[in-house]
Each structure stands twice: as structure tokens, then as C-alpha cells.
Amino acid sequence: MNWLDRSIGWISPTSALRRVRARAALQLATRAYDAARRDHRTMSWKAGGTDANTEIGAAEETVRNRCRELARNSGYAVQILDTFADNVVGTGIVGAPTGLSKRNQKIVAGLWTAFKDECDFDSDHDLDGLLWLACKAMAESGAAIIRFRRQRFDASTTRTPLKLQLLEPDLIDVTKTTMLADGYIDRGIEYDSEGRVRAWWLYPGHPGNMASWRSRAMTSERIPASEIVYLYDKLRPGQDRGMPLLAPAVMPLHDLRGYFDAELVRKRIESCLAAFIKPGLDGADGPIGTQTEGVRPGKLAEKFEPGMLYRLRDGEEVTVSTPGSSQGVEEFATLYLREIAAGAGVMYEHVTGDFSRVNYSSWRAGGHGFRRRMERKQWHIMIHRACKPIGVRFREASMAAGLLPAQDFSMRWTPPGFVSVDKYKDAQGDLLDLRLGKTTPSQLVEANGYDYLEFLEQLSQDLAAADNALGPGVHFDGDPRKAAPNQASANSENNQDSGKKAA
């Protein structure tokens, strides 16, 4: 008990006892968790208790700009961002209409294919390229904005009157904060009275583009939330803003680049050859700058030249500096790169391209966690937050233009598959999954980036062309209508063995 407790104890022993018990409980809780200690090891550790949006709002712009700078100047950062986008979106997430009759299925599929090819508001990408760029922008800037742009249409319209405009999160007016009668606006995001996002306040142009400031009135406009897809990785409940994928790796990347610069300067200094001349016993020294031509005994040269020969005075000595070797550079860089890879959620080999430390088994085993992480981002972010809203707006716009033969249908989305390490074994696994009913042919085909109906039509044309050119009785092992000879004989042998056992 301290003096205050003793003083309180003279007046109110009960209050003093409660104070002592509370202090003892606090000390017990502190000892139970090392992370809650307050000592010399944690005195500089500052951990706030604010919500996700407050934390992100205070650091969003700085972290975003630093990540972009690293993406411009660090090869490791570029590798991380491209690896992320390539594994999440790759060549594209295949969407296909389902729940239609055969005739209507073909019409809607053709309408969807035409929309995919021309959906970009800037006319630079198809839908697959737009989603890849949105995924990379989300990793680099923390978020990407897809704005639905309705197009004019009339009775002669044959294409879905809808465009998709990809924007950066910089267009959100973070200076817009105010209270409303039925909600509030927090740094450019408008919420209703229950805290749900109702609208976004966007600038008409990028605030970092000086031409936009000169040619436009940079006053934000209100865009309903139904017209916006804010693509980001939600990591905390209540989080409405995204942070870049590189955020945990910003400081290690920056420090590693500084370390490499320091090592480069060190190597340059070490490459400079220096010599030190010790004078003779009499202490005499030759003049500085003496020419090397016609060197006489006792004359000294101030620089080295190829083929140079000269004599020293009696008792003089020349000592050449020996640069020290740099050790531990690779080990230090490897540790930092592993931390960078872990912070960005990719594998060390993806960041560096160094596969010298893995073999076939370790690579397959190590890739399971990475693959599961990428699958989560494929389904929870790209498909749920981007692809499904795009499919809904495609149907609504097509219905408004009177282009749909049927209105009751849905979209099936298939993310790209992962690159096979052992294609033969993976093909055997796919065949087994088909036989067990764990997958469907359409899922396998669309995982390779192809629409299943288009694939079947192309396959039918290829088989018909082979029959016309080769004639009947000739087929390949890859013809799914017929069994290969070795497979047929194997099946007959298995059937005979089964019959004998049954008998």
C-alpha cells in the first residue's frame, strides 16, 4: 500500500481494500499476457484503439503514394503486384449466363460476349483486362473504383448500353466531411443513419492531374452507391476503405533498397586502389606531382599507370591498401525479402525468382497456402464485390434496351485455375473428380479461361472437320466420343476379371 491507500484506509477501510484488490487484479492480468506489459521493452510501443477507418484515413494518402513510388522504382514491388494480379485474375474470370433454354442461352451468351469486348469506358481493355487492371490497382493503391456509365439507346440499339469506367481512389473527396439530417459524410463517403454507405463524393478528374484543375471546376459530385463498385480487401469489421497490399512491406522494401545503395558505395570505395609511401630513415620525401617519364632514383610518382616502373630511395617502402571483403549481404537480403514476401502475402520465390532452395515436393507443399489465399481473394473480392454487381447491371441494362429474350437467368463465374506443376498428375486428378461428381466439365473448361458453350461449339467443328478429312474409322486418343484402343482393351480386361471373380 502507498501513502494514498493508507490515508484512505484511515477514513474508509472498505474503499482502501477495494483499491488494493483492483491493483492486484490489474497486476495479475498484466502478468498473464506478456503483450500487455508496460516496462522498458514496451515503453516506446504505441498502439491505438481507433477503428479501421480512422487509422486508414490518417495514413491512406501517404502509404498509397509510397507504394506507388516503390512500384515505379523497385523491381521487387513490381514483381509482387504483377504476381498478385496474375494469380487472382490472370487471363480473366469467365462469366456465363445460366438458367436459360438452349435458344435463349445462345442469344444471351452472344450479347454477353459483345458486352465483354466493348465494356471499357476508355476503350482500352475488354472485361478481362479491366478486371486485371482493377486488381493490380487495388493491390497498389489500396482500392479501385468501377463506375457504371449508362449509355443512350434507342430502338436500333443492338449492344448493351452500359460502360465500365475504372478510377483510382484519389478521386474521392476526402475533404468532404459534414453531418446530414439523416446521416453523415466522412471524408467523401456518405452514410445513412444506420451507418451504411449510401453515396460517394468524387472529383470529376484526378486531383493529381494539373490539366484537370485548369480545365474543370474541381468540385466533387455525389454518386449513389448503386453506381459504384469500390473494390478493396476488407480486413476488419466496419472497414470501408482499403490499404495497399504493399503496406506491411513498405519499410522493409525501402530499407533494403537503402542497404543495397550503401553496399554499392562500399564496393566502389573498395575498388579504389591506394598506396602509402613510408619515407626512409632520414625523413626526406620527394615532391608531390613528380612526372613518371625518365624516373630517376629517389623520384616518386603520385599515381599508378600501366607498365610503370620506378625506384625507391634507400629505406623507403610502399604499402598497398587491401580492401576488405563484404560478407553476409546475401543472407541479410534473403531475410528481408522473406519478410517482404510474408507482408505482401506472396511466396519468396515469386518475389525474387529464386527457386534454388526448393524442390518439386517443397514447392507443391508451400504453394497450398498461397493458392488458398488467392482463391479467397478470387471469390470474396473479385467475384463477390466486382463480377456479380457487373452481371446484375448487365442484365438490367440489357432489359432496359429490350435486348433480352428472357429475364430470369443468373451468371456463373469461374476464376482462372492455377498453373500446373505436374500436368499429368493434375489431369488424372481432374478425371477422378469428374468420375466422382466433384466437378463438372464446364468448371474445368472455364478454369482455363474459355466459355464452355464456345468451347463445345469449337470442339464440334473440329471433330466434324477431322471426320470429313480423315474419313470414318480414324480418330485420335483425344476424341471424347470414343475410347482409345489401349483404354478399351484395359476396360475389357477389367470386365473379364470382374466376371471371373463373380463366377
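View 1. A residue counts as buried when its relative accessible area is under 20%. Cysteine 119 is at 0% relative accessibility, so cysteine 119 falls in the buried class. Cysteine 135 is buried too, again with a relative accessible area of 0%. If you are looking for disulfides, a search of the whole structure of this predicted model finds zero.

**View 2. Helix H3 and its kink.** Here we follow H3 through residues 52-73, a run of 22 residues. From first C-alpha to last, H3 reaches 29 Å, close to the 32 Å expected at 1.5 Å a residue. Look for a kink of about 55° centred on alanine 59. Among the buried residues of H3 are Ile56, Glu60, Val63, Arg64 and Cys67. The buried residues of H3 pack against helices H4, H6 and H8 and strands E6 and E9.

View 3. The whole structure holds 12 aromatic pairs. In one of them, tryptophan 112 and phenylalanine 115 are tilted, with 5.6 Å centre to centre and 35° between the planes. These two residues sit three apart in helix H5, so about one helical turn separates them. Tryptophan 112 also meets tryptophan 413 edge-to-face, because their planes are at 80°, with centres 5.7 Å apart. Since tryptophan 112 lies in helix H5 and tryptophan 413 in strand E12, this pair ties together parts 301 residues apart in sequence. Tryptophan 413 is buried, at 8%. Ring pairs link Trp112, Phe115, Phe394 and Trp413 into a cluster.

**View 4. Charges over rings.** Lysine 176 lies over the face of tryptophan 201, 4.4 Å from the ring centre. Arginine 395 places its charged end over the ring of phenylalanine 409, at 5.9 Å from the centre.

Key:
Residues are numbered from 1 along each chain as its sequence is written. This is a predicted model: local features need pLDDT of at least 70, side-chain atom pairs count only at pLDDT 80 or more; totals for chains, interfaces and linings use all residues. Side-chain values use heavy atoms; hydrogens and water are left out. Helices (H or I, at least four residues) and strands (E, at least two) are DSSP runs, numbered from the N terminus. The expected span of a helix is 1.5 Å times one less than its number of residues. The bend at a residue is the angle between axes fitted to the seven residues ending there and the seven starting there. Buried means under 20% relative accessible area, exposed over 50%, partly exposed in between (1.4 Å probe, protein chains only). Contact means heavy atoms within 4.5 Å. A disulfide is a pair of cysteine sulfur atoms within 2.5 Å. Rings of Phe, Tyr and Trp (its six-membered ring) pair if their centres lie within 6.5 Å; planes under 30 degrees apart count as stacked, over 60 as edge-to-face and the rest as tilted. A charge sits over a ring if NZ of Lys or CZ of Arg is within 6 Å of the ring centre and within 35 degrees of the ring normal.
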